[in-house]
Amino acid sequence: VANGGVDMIFTNGADAASWRSVNGYPSDHPLVAATFEASASASPSPSPPPSPSPSSSPSCLCIFDVDRTLTARQGYAPQCPGTQQQDGVPDSAYEGGTLVLSQLALNLGATFCGACHVGVISAGTASGAGSAERGVLFQRLTAPPLPGVAGASEGNVPWKSFPNDGASASPLVVAAPEGRKQEAVPGMLSWYFARGVAIADAEVYFFDDKEENVRGFAGTGYNAREISCASRDGGGSRGGCGATTDEVGAGPFSGVEVCGEAPPPGGLCSFVGSCTEAVLATPAVGPDSSASCGGRIQWVMDNMGKSEADACQQVGEEFPPLCGPCAPEGIPPSLPPSPAGTGGAVVALEVVTYNLYWWNVGQNNRWGALYATIEGQAFDLIGFQECEDVSTVISNVPRMSGRFDSFAPTGIPGPGDNPAPVAWDGQRFDRLGAGWLQVGSDQYGQRVTVWVRLLDRTTGATVFFANTHGPLGDCSTALGDNWMRAVADNIAPDDFLVYTGDFNCGAGSAAINVLDGAAGGPLKLVANGGVDKIFTN
């Protein structure tokens with residue numbers, strides 16, 4: 001009677017009058033509720049309902065990004081074979097202009113997705129509510145004989161802004177943060193299930209022109225593929241001509257695939273592109289293992305009850321040089337050397353970055369749960385995002401109250417002042433300086449990097465602590481340059497650097513590559529929680 005993904009409610013015969021799935025923050029699971037009337041005559045052993053006919057109800061779901069996936073760059077129709085400009089239909093994405101449909105959008109039926117239901121998850125807005133662009137896209141995704149969205153007409157399928165949960169969930173999602181699009185899928189599956197279409201996680205296929213969005217699906221059980229590989233725009237950070245039918249293909253695929261990487265093998269940890277057959281066959285010899293990486297992963301699954309993703313991560317961390325490529329979350333790097341000029345001082349720090357989801361916590365009155373989450377962590381420095389009143393947070397968290405100092409700039413222009421405040425242990429650190437720099441902007445206003453310079457009384461070392469909340473829809477090199485400039489213009493030669501934030505960009509994006517030493521940048525990525533990261537020097 002209620003299906004919130006893996007969270008469900010069953011009865012032995014009652015029909016639900018209604019059910020809902022709401023955001024369960026700070027839990028990772030939703031709160032699922034059902035309303036129904038129970039009867040004393042309910043059958044103790046109900047017969048299972050008949051299975052739906054596969055021919056009349058496809059059990060797969062293809063989900064598409066909009067900008068540079070279903071569309072091509074405005075004005076690119078002459079140089080993008082098979083695309084088509086939609087005269088008179090504006091497209092507000094990026095530079096703006098007239099809508100150009102990609103070759104895939106015009107020929108969806110020529111791919112395996114032509115037999116699947118469809119959905120949309122876009123970082124943009126598809127030109128906003130009631131736009132002609134939304135109408136054109138819906139028509140292309142649902143044109144007979146395509147199954148479309150459970151057979152529903154356009155007026156019965158709302159476009160929903162992220163997050164996509166609860167009774168208002170939809171198969172058409174906009175304003176989804178880069179790197180977090182996978183979070184909108186459970187609500188989409190619930191929407192279909194409520195209309196009699198049950199879709200397994202393994203039958204979900206997502207297509208996007210940005211690598212960070214595709215990699216976000218690793219370990220979810222869904223499948224994802226980067227498209228528009230041969231045609232790029234924005235310095236290579238996004239697609240140019242959009243998706244093609246050849247990229248989607250005639251048949252389903254498994255795992256996560258990005259441009260320039262061969263599809264992963266179909267064995268263990270196949271959702272991790274770097275976990276090749278050769279890595280799985282590598283001997284992993286240690287105190288608890290004499291098997292191969294693959295053998296050890298299988299043993300952990302069979303004997304420790306761990307999921308495949310968790311087993312791949314555990315074994316990767318047990319044998320980093322050997323099995324590390326199979327870890328879906330990567331291997332936590334070792335601390336870098338101290339900066340020159342500190343006399344070899346070692347500064348031991350506990351650092352946290354935390355997006356508080358302020359509006360949602362307030363709307364649902366979850367302040368107690370929020371404060372308890374922070375209280376349960378140990379830290380010396382903490383960088384907040386979506387925190388409108390850092391003083392209130394400090395005063396309501398016992399470990400911080402009366403001990404932590406903070407800096408939150410005021411006067412940042414634009415709606416929804418978004419200061420990304422920082423806080424530190426005032427019994428250990430003295431503030432030497434503070435400031436902020438605008439690094440970008442989006443529909444919510446100006447985005448900034450906030451910084452403070454701190455003197456560590458225990459070691460005499462100085463710490464440069466920076467924190468940011470990146471804009472939505474921009475992971476360009478220019479943004480990365482601004483993040484770096486906030487540091488370079490203010491840091492002193494001997495400072496230890498800690499850079500926290502919800503960057504709203506994934507590893508491998510052009511913006512993060514400016515910072516990340518793995519891509520030639522000057523900093524070390526020491527914690528990678530998707531779009532939430534911590535760098536040091």
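**Close-up 1. The buried threonine Thr468 in strand β25 of the predicted model**. With a relative accessible area of 0%, Thr468 is buried in this predicted model, where the residue is found in strand β25, spanning residues 462–469. The side chain of Thr468 reaches the backbone oxygen of Val448 at 2.9 Å, and Val448 is also listed, together with Thr449, among the residues in contact with Thr468 once neighbours within four places in sequence are left aside.

**Close-up 2. The edge-to-face pair of Phe112 and Tyr205**. The count for the model comes to 15 aromatic pairs.

**Close-up 3. The edge-to-face pair of Trp358 and Trp367**. The rings of Trp358 and Trp367 also form an edge-to-face pair, with 4.8 Å from centre to centre and 65° between the planes. Trp358 counts as buried at 12% relative accessibility, whereas Trp367, at 23%, counts as partly exposed.

**Close-up 4. An aromatic cluster, and arginines over aromatic rings**. Phe64, Phe112, Tyr205, Phe207 and Phe253 form one aromatic cluster. Over the face of Phe253, a member of this cluster, lies Arg225, at 3.9 Å from the ring centre. In another such arrangement, Arg399 lies over the face of Phe379, at 5.9 Å from the ring centre.

**Close-up 5. The buried side of helix α12**. Helix α12 covers residues 367–375, and its buried residues are Leu370, Tyr371 and Ile374. These residues cover an arc of only 95° around the axis, and therefore lie on the same side of α12. An α-helix has 3.6 residues a turn, so residues three or four places apart point the same way. The elements against which the buried residues of α12 pack are the strands β19 (351–355) and β20 (381–385), together with the helices α11 (358–363) and α13 (390–396).

Note on methods: Residues numbered from 1 in each chain as written. Predicted model: local features only at pLDDT ≥ 70, side-chain atom pairs only at ≥ 80, totals over all residues. Heavy atoms only, no water. Helix = DSSP H or I, 4+ residues; strand = E, 2+ residues; numbered from the N terminus. Buried < 20%, exposed > 50% of the residue type's maximum accessible area, 1.4 Å probe, protein only. Polar contact = N/O pair within 3.5 Å; in protein donor to acceptor, adjacent residues only side chain to side chain. Contact = heavy atoms within 4.5 Å. Phe/Tyr/Trp six-rings, centres within 6.5 Å; stacked < 30°, edge-to-face > 60°. Lys NZ or Arg CZ within 6 Å of the ring centre and 35° of its normal. Arc of directions from axis to C-beta.
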